[in-house]
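Here is a short briefing on one protein chain. Look at the fold as a whole, then follow the topics below.

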Amino acid sequence: MSSLKVTRAQEEMQTLKKFIENQGIDFVQELVIIDRSKLREPCDMSYKGIEYQITYGNRKQLGDIRKTISDEGKYCGISGLPPIADYVKEVLETALEDKKDKSDEKMTLLIEPAYTSYGLFHEEGDVAFKKYFKDNEQRIGGLWQHIFVVFSGGNIQLR
């Protein structure tokens, strides 16, 4: 089996693509700007004139999943899920805590959680994410113009 290394830019492009397609809009890769010399910090990429910063929630779990896939070529899933409130806290805290000082009021932040059974968009998650963010916005909210959590099948807009 040949091993292909996926770059961070390719991962971010997949998150942006999922975000755009979740809105029912066709994604046109040629409209993405990833050339660092054409972007201002802390922007990761631009699409149709909108600047995006892209990060991941519960990165440790995502790293463990990627390592297992890289080492073994497969991933079987996670046994046992935390309560939704714990999951939401982990995703938002890890995504926002270290990024808030690099936030920009003209940029949109996209947060993609690691894949778990919660990794699908659903109403319970929508309510839990919005409530946690509202309750903690002063502490972790940063300056972003818009913040979305990007799931398979839907986006949750926090700001």
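Where does Lys-99 lie? Lys-99 sits in the loop between α3 and β4 (107-112). This is a predicted model, in which local features need pLDDT of at least 70, side-chain atom pairs count only at pLDDT 80 or more, and totals for chains, interfaces and linings use all residues. Residues are numbered from 1 along each chain as its sequence is written, and side-chain values use heavy atoms, with hydrogens and water left out.

**Overview**
- The chain has 4 helices and 6 strands. Helices (H or I, at least four residues) and strands (E, at least two) are DSSP runs, numbered from the N terminus.
- From the N terminus, the order of elements is α-β-β-β-α-α-β-α-β-β.
- Of the chain's 159 residues, 43% count as buried. Buried means under 20% relative accessible area, exposed over 50%, and partly exposed in between (1.4 Å probe, protein chains only).

**Confidence**
- The mean pLDDT of the chain is 83, and 77% of the residues score at least 70. pLDDT is the predictor's confidence in each residue, from 0 to 100.
- Helix α2 (residues 59-72) has the lowest confidence, with a mean of 57. Strand β2 (residues 45-47) has the highest, at 97.

**The sheet**
- An open sheet of 6 strands runs in the order β1-β2-β3-β4-β5-β6, with mixed pairing. Two strands pair if DSSP finds at least two bridges between them.
- β1 (32-33) and β6 (154-157) are at the edges with a single partner strand each, so one side of each has no neighbour in the sheet.
- β1 and β2 pair in the antiparallel sense over 2 bridges. Val-32 stands opposite Tyr-47 in β2.
- Helix α1 (residues 8-22) packs on the sheet and touches β1, β2, β3 (50-56), β4, β5 (146-151) and β6.
- Helix α3 also packs on the sheet, touching β3, β4 and β5.

**Helix α3**
- The 13 residues of α3 (residues 84-96) should span 18 Å at 1.5 Å a residue, and the end C-alpha atoms are 18 Å apart, which agrees. The expected span is 1.5 Å times one less than the number of residues.
- Buried residues of α3 include Ile-84, Tyr-87, Val-88 and Val-91.

**Lys-99**
- Lys-99 is buried, with a relative accessible area of 17%.
- Leaving aside neighbours within four places in sequence, Lys-99 is in contact (heavy atoms within 4.5 Å) with Gln-53, Ile-54, Thr-55 and Trp-144.
- Lys-99 and Gly-141 are 42 residues apart in sequence and 9.4 Å apart in space, C-alpha to C-alpha.

Terms used. Axes fitted to C-alpha atoms, helices over the stretch in contact; angles between N-to-C directions.
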